[in-house]
Amino acid sequence: MQTLNEQDINADGHVNGSMRKHRSPFQLSLRRFLKNKLAIVGMIVFFIIVASAVFAPLLTEHDPKAHNLLKVEQKPSSEHILGTDSSGRDNFARLLYGARVSLTIGISTMVFTVFLGLVFGTLSGYYGGKVDSIIMRITDLFLALPFLVLALTIIALLKKVTVGLFVVIIAVTSWPTLSRIIRGTFLSLREQEFVLGARVIGASDFRIIFRHFLPNAIGPIIVNATLLMAAMIIVESGLSFIGMGIPQPTPTWGNMISEAQGLRILRYHPEAWIPPGLAILLTVLSINFIGDGLRDAFDPKSDRR
Amino acid sequence: MYQYIIRRFLIFIPMLIALSIIVFGLAKAAPGDPFSGKILDPEVGMEVYEKQRAELGLDKPVPVQYVRWASKIAQGSFGESITYKGRSVESLIKERFLNTVYLGLFALFITLIVALPIGIYSARRPYSLIDYGTTTFGFFGLAVPNFFFGLVVIYLFSIKLGWFPAQGTISSTKLTGIAEFKDRIHHLVLPGLTLGLASTASYMRYMRSEVMDVLGSDFIRTAKAKGMSANNVLYKHTLRNAMIPIITLLGMELGPLLGGAIITEQVFNFPGIGTLFIGSVINRDYPVVMAITLLLGVAILVGNLLADIFYSVVDPRIRYD
Amino acid sequence: MLKQLPHRFALLLVVLMVGIVLAACNNDGDAEPADATEAKPEDVTKTEPAEEDATEEAGPKKGGTIVGAMYSAPTGMFNPIFYEEAYESNILDFTHEGLVTQNEKLEFVASLAEKWETNEDQTEITFFLREGVKWHDGEDFTAEDVVYTYQAMSDPDYEMAGGVRVNYVAPLLGYEAYQSGETDEFAGVVADGDYKVTFKFTEPNVSPLYYASFPIIPKHVFKDIAVKDITEAAESKEPGKVIGTGPFKFADMIEREQYILERNEDYWQGAPLLDSVVWKVIAQSVMIGLLEKGEIDFVASPGGIAPADHDIVADFGNINIIEQADFGYQLMGFKLNHRTTADVDSGAVTPENWIPNKKLSDPKVRQAIAHAVNRQGLVGTGHGEGLLHGRGQPINSPIAQQMWAYDESAATNYEYDVDKAGKLLDELGYKDVTGDGFREDPEGKEWILNLDYPTGNELRERSAPIIQSDLEKAGIKVNLRQPAEMSVYVPGLTNDNTDWDLYLIGWSLSSTDPDPSGLWATRAGYNFSRWNNPKSEELMQKAVKAPEAFDQDYRKQVYAEWQKLYSEDLPALLLYAQNSLWAYNDRIQGIKILPSTMYQDSHEWWIEE
């Protein structure tokens, strides 16, 4: 974003800032962002979720890993406000501590994936030709490589699966999608007049990529990144479902929701699955609204100014 | 253009070999073999499997095993499954393949007819109530894990309301013709919805974002300025441009679709490639794993090639050299 | 406003379209009830005359179909000599029979054989077969079929083709010679005329009936197929072609979804009352819903209903639940010894080379650990307690409880007692010298036990972190490792030249003979603990040694001694035996419950409307 910090005219050519001349584009964007009510609501909700993860020990005295075999699958009570799970652990504590793991997974996979996708998508879409062919064939390989085989092998070879490892496995298998999208956008930008213009006046590759291409691809990137974050939290729960997620007793929203594998929990213990489900939904929604806000604020092509 | 396509096809061959080596290597790197998970029936001694390992050459070095397997493929045979005794891999895949194709197509159909119009609508009326409503719904779809949504629809529509069957692909072998078709569709509804849910949400978001982008661009302004009607602008210019990333996505949808299918198929006991694949991965049934990987690889490569070709059709400015 | 209208309309249209598609599908369903349970108007009309013949008053009635549920599809090998999974046996239990079968006391009783006699030194047993038994294709069942079945399992190609049931034929006379191809004369099972067949053993055999209990396959069907090709033959896989003598014929299937068994009119115990039994493969997660709705009528082993679901299913009102002890149990093993790397590479099991695992080699340490695990807690005493919700019990002896040889009083019961565990460890010198809350070994070095466990059994997976925390309460530091799938876990367990200490595993015991040597003999592959105790070895051999072992009371005594030794030396802590929970709709009548199955005498099942 810092490239937008300067006093240049926005890259895509339509100069519409004549009456706001004395403000930098970054300031303008920030103003636009702060005016977006939903984005602010999203920020607040997300902040609350992060805060409750960070301050989990202050919000509950229960240990999320401590089981009580005399109180298994209990209904909510004053002691366990969301009841207990199938090993007699406190659901509320697991929800709070689970947020730590799930948010870490969601955010770091997203960042990692977006980074990889950006690097390869940019190289491929900007330079085209041989570079493009090679990178695209590599993405093809990655897309064709079944995630499950990769994950199973790595998990089988290791004695302990950590959150960090989990993030790497997922990111390494997910970046090709994003890089293809970025590349697609860049390929069509490459042929547009303003790029030609920039080249003619001798702008460097670096400058063209960061000044002209990236701002134009910011929309799809933000949309993709928010979707990715949601998807990653879900992927973890799906893996838990087939027995390959973060193992117990570490709490995650994913393995909490995957406790609801049968109709018994679904029907008789809504307190076990509604809270983690809601937590995922709220996180995803708030991130999306923040993303939309950012997109509207920074995307030069955005309609809402 | 033609040259480009031919070149892309030729690249397939080394890529498939690379893919097969990677997958074979990965599968072999993990400990365990097709028999190691089967023991623990005290009536059957552990030693029994030694002869079968030797028979299959599993005691040989990995490169030897790879060559042995690859040369069989070169002769046009994927070999025999180990878990499914006496079955050729081809017959296993053939039996399951169509089920997954039906499921995937049905899910895609649901995805497209729901996602595209809603996406376009949201983009045209951004920040309207309906836009927020669909956004929330879309993210609801993204935030609910597949297996859980499957369970919910089974509970509601099958067990409570009795509208749709909960499990399987067909009720009876005695059905034929139209009746069979209807019965199959009937069985597809719940798993199709489940599998389509997550992608519906993503496509909705993409479509919205793309259409908004295009609507904001210069040539649309120009077109509007020239007095073109809103609908004309939308259909003649906007959609065409917005379709580019959507096509990219479609080209890549196969892999995730299979990933989703694994879980959906399990919840609905839908005998497709997904369940066969995960079962084979877990049982180390190498011939089946390799065959599915290769076929999927080919499908994804072809899908991406088609997407690239579509690019140049939709956007003639893109050249391939 | 006006401008917006078309788009609103478009949206509406989409919603409508989706609605129509859904509704259309729904209508199809209403117009044409196509579920297997409903879709048999033809069958019903066919059996109507029979129904009229039957007496009006209550009592067994002919006709009807019941639906059973299994959680995983059979791999499709419907040949008794080649099947491996319990899911196939769900079908084979209805279609195939052996010479003898087991009753409720687990005694062998007549089935295809009417009676039998053994020779004096118990090396031969002669069966007199039932006459008039017909195969599903109308051919007569004869002694030749029995000979063929055992001969095929002894065939040189049998194991190569994937056969694993060699333990049934290995003790037969001349097995080695025939199997290795030295001779093509099969001497182990000999026919004398059509209805007399003799099994000959190399050595006096303590349980010859067990060896003769294997399901028989028809010679006339398989005689022209080489043993190595049997697995590929349609006769092993396809409905209509799989031939047995049982009460039901394997008539039709939708592979991986439904397996349809139809009445065998010529069954030797009389035609079954039911028209058909349909097995449906369903996801375990939706089972209770389908059971409540009546879409499935029964669910039994393998699987049954989950312990936590018991009370819910019981509340449905129309479902009978059968709860009885299972033949299996879960255990936490102690790696007493490790194999050397050289042995692992060569696959040798040579106890002389084993390297003692110092962390666990003192039996007192193992006893202390046993006291530290709250096994009753894992089981619980009722709904809402423990992993098993009270549906099971902690056990102390590795012999199945239903078995005559089981002797609870002989084995030590390790009560949950953290203080006692602590005291024992203190006495042995395992004390916390560093003050980190965990004990060090007597030499003051850190003492960490690795705990490995496999996936695949949900309750066992959940038990691992609980056991860890139980042990840590007693100051024993446990390193809980990544759970692995079975196919990864078992090689780790077997190739134990590594750092394994504690392992979880479970298995199902045979219902036929209590001999534990397959699991606990020093050289047994399943002796993952690498337990090497000469006394145990001696007792296990003594218990099966002719001629004393022909006296069951004698064996019982020896096994009592062995169980005592086992529970004191403690190569593994037995955690719990889960009860099997089978359920069936109360419209089904005539089900006979045996300790290991409810599928016997299915020809007597009938439906009360």
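Biologist: What is the relative accessible area of C:K196?

Modeller: C:K196 has a relative accessible area of 30%, which makes it partly exposed. Keep in mind that this is a predicted model.

Biologist: Which residue forms a salt bridge with C:K196?

Modeller: C:D192 does. The closest N and O atoms are 3.4 Å apart. C:D192 is also in the partly exposed class, at 46% relative accessibility.

Biologist: Next pair. How far apart are the closest N and O atoms of C:D275 and C:R263?

Modeller: They are 2.8 Å apart, in a salt bridge. C:R263 sits in strand β9 of chain C, and C:D275 in the loop between β9 (258-263) and β10 (276-281), so the bridge ties together parts 12 residues apart in sequence.

Biologist: And C:D275, buried or exposed?

Modeller: Buried, at 12% relative accessibility. C:R263 is buried as well, with 13%.

Biologist: Which residues do salt bridges with shared partners join into one network?

Modeller: B:R87, B:E95, B:R96 and C:E255.

Biologist: What does C:E485 meet in a salt bridge?

Modeller: The side chain of B:R284, at 3.6 Å from N to O. C:E485 lies in the loop between β18 (477-480) and α15 (486-494) of chain C, while B:R284 lies in the loop between α11 (273-283) and α12 (286-314) of chain B, so this pair joins two chains.

Biologist: Why do you call B:R284 buried?

Modeller: Its relative accessible area is 4%, and buried means under 20%. C:E485 is buried too, with 12%.

Biologist: How many salt bridges are there over all chains?

Modeller: The count is 38.

Biologist: Charges in general, then. How many positive and negative side chains does chain C have?

Modeller: Chain C has 51 positive and 103 negative ones. The centres of the two sets are 6 Å apart.

Biologist: Change of topic. How many helices and strands in chain C?

Modeller: Chain C has 18 helices and 22 strands. Its radius of gyration is 28 Å, close to the 25 Å from the globule rule for 609 residues, so chain C is as compact as a globular protein of that length.

Biologist: What box do the C-alpha atoms of chain C fill?

Modeller: Roughly 95 × 80 × 50 Å along the principal axes. Buried residues account for 57% of the 609 residues. Take the contacts in chain C between residues at least 6 apart in sequence: 67% of them join residues at least 24 apart.

Biologist: What is the accessible surface of chain C?

Modeller: About 23,900 Å². Carbon and sulfur atoms hold 48% of that surface.

Biologist: Now helix α11 of chain C. Why is it largely enclosed?

Modeller: Because 8 of its 10 residues, in the run 363-372, are buried. They are C:V365, C:R366, C:Q367, C:A368, C:I369, C:A370, C:H371 and C:A372.

Biologist: What covers the buried residues of α11(C)?

Modeller: Several elements of chain C. The helices among them include α13 (418-428), α14 (458-473) and α18 (552-569). The strands include β13 (328-334), β17 (448-452) and β20 (572-585).

Biologist: Where is C:I312 found?

Modeller: In helix α9 of chain C, residues 310-315. C:I312 is buried, with a relative accessible area of 12%.

Biologist: Which residues is C:I312 in contact with, leaving aside neighbours within four places in sequence?

Modeller: A:R264, A:Y268 and C:I288. C:I288 and C:I312 are 24 residues apart in sequence, and their C-alpha atoms are 8.5 Å apart in space.

Biologist: On to chain B. How many helices and strands?

Modeller: Chain B has 12 helices and 0 strands. Buried residues are 60% of its 321 residues. For contacts in chain B between residues at least 6 apart in sequence, 70% join residues at least 24 apart.

Biologist: Last one. Where is B:S122 found?

Modeller: In helix α4 of chain B, residues 89-124. B:S122 is buried, at a relative accessible area of 3%. Setting aside neighbours within four places in sequence, B:S122 is in contact with B:D131, B:T134 and B:R208.

Key. Residues are numbered from 1 along each chain as its sequence is written. Chains are lettered from A and ligands numbered from 1 in the order in which they are written. Side-chain values use heavy atoms; hydrogens and water are left out. Helices (H or I, at least four residues) and strands (E, at least two) are DSSP runs, numbered from the N terminus. The radius of gyration is taken over C-alpha atoms; the globule rule is 2.2 Å times the number of residues to the power 0.38. Buried means under 20% relative accessible area, exposed over 50%, partly exposed in between (1.4 Å probe, protein chains only). Contact means heavy atoms within 4.5 Å. Accessible areas come from the Shrake-Rupley method with a 1.4 Å probe; for residues, only the protein chains shown count as cover. Lys and Arg count as positive and Asp and Glu as negative; His and the chain ends are not counted. The place of a charge is taken as NZ of Lys, CZ of Arg, CG of Asp or CD of Glu. A salt bridge is a side-chain nitrogen of Lys or Arg within 4 Å of a carboxyl oxygen of Asp or Glu.
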